[in-house]
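Good morning, and thank you for coming.

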Amino acid sequence: MVAHAAGHGWPAHAVRLADKLHLYLTGGHHTDALFVHGHAREAARSIGDRLGEADALNAMSVAHYWTSRPKSAAECARRAPAITVRGGDRSGQVRHR
């Protein structure tokens, strides 16, 4: 549903749905999490939702960690705060550290 929403003109819905699925996906559905949050990240980027993009990157970082991809996990975790800083969101910067 996230991929469909992202690809069919509802990027904000894709971002919100991915956020709602985060806890469920973190419970052992890590490959699915990479797919869902990857689409959410692109959807957020397309509408300039920097906090949504940073949230998706953080979720992807967790999924990469649990799928034994520490370099990818670290890269996603490193990029999330930088995105919120560029957007001037100081609370997002703190949230994503």
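Predicted model: local features only at pLDDT ≥ 70, side-chain atom pairs only at ≥ 80, totals over all residues.

Two packed helices are described by the angle between their axes and the distance between the axes. Let us begin with helix 2, residues 11–26, and helix 3, residues 30–46: their axes lie 8 Å apart, and the packing angle is about 155°. An angle over 145 degrees counts as roughly antiparallel, and helix 2 and helix 3 are therefore roughly antiparallel to each other. Their crossing is left-handed. Among the residues making this contact are Ala14, Ala18 and Leu21 of helix 2, and Ala33, Val36 and Ala40 of helix 3. By class, the contact of helix 2 with helix 3 comprises 11 nonpolar, 5 polar and 1 charged residues.

The second pair is helix 3 and helix 4. How do their axes cross, and at roughly what angle? The axes of helix 3 and helix 4 come within 8 Å and cross at roughly 160°, so these helices, too, are roughly antiparallel to each other. The crossing of helix 3 and helix 4 is left-handed. The contact includes Leu34 and Arg41 of helix 3, with Leu57 and Met60 of helix 4.

In soluble globular proteins, nonpolar side chains tend to be buried together. Here the largest nonpolar core has 20 residues, of which Val2, Ala14, Ala18, Val36 and Leu57 touch the most other members. Helix 3 supplies the largest share of this core, 6 residues. Leaving aside residues up to four places away in sequence, Leu57 touches Arg41, Cys76, Arg79, Ala80 and Ile83.

Technical notes:
Residues numbered from 1 in each chain as written. Heavy atoms only, no water. Axes fitted to C-alpha atoms, helices over the stretch in contact; angles between N-to-C directions. Helix = DSSP H or I, 4+ residues; strand = E, 2+ residues; numbered from the N terminus. Parallel < 35°, antiparallel > 145°, perpendicular 65-115°, else oblique. Left-handed = near helix turned anticlockwise from the far one by under 90°. Contact = heavy atoms within 4.5 Å. Nonpolar A, V, L, I, M, F, W, Y, C, P; charged D, E, K, R; others polar. Core = buried A, V, L, I, M, F, W, Y, C linked by side-chain atoms within 4.5 Å. Buried < 20%, exposed > 50% of the residue type's maximum accessible area, 1.4 Å probe, protein only.
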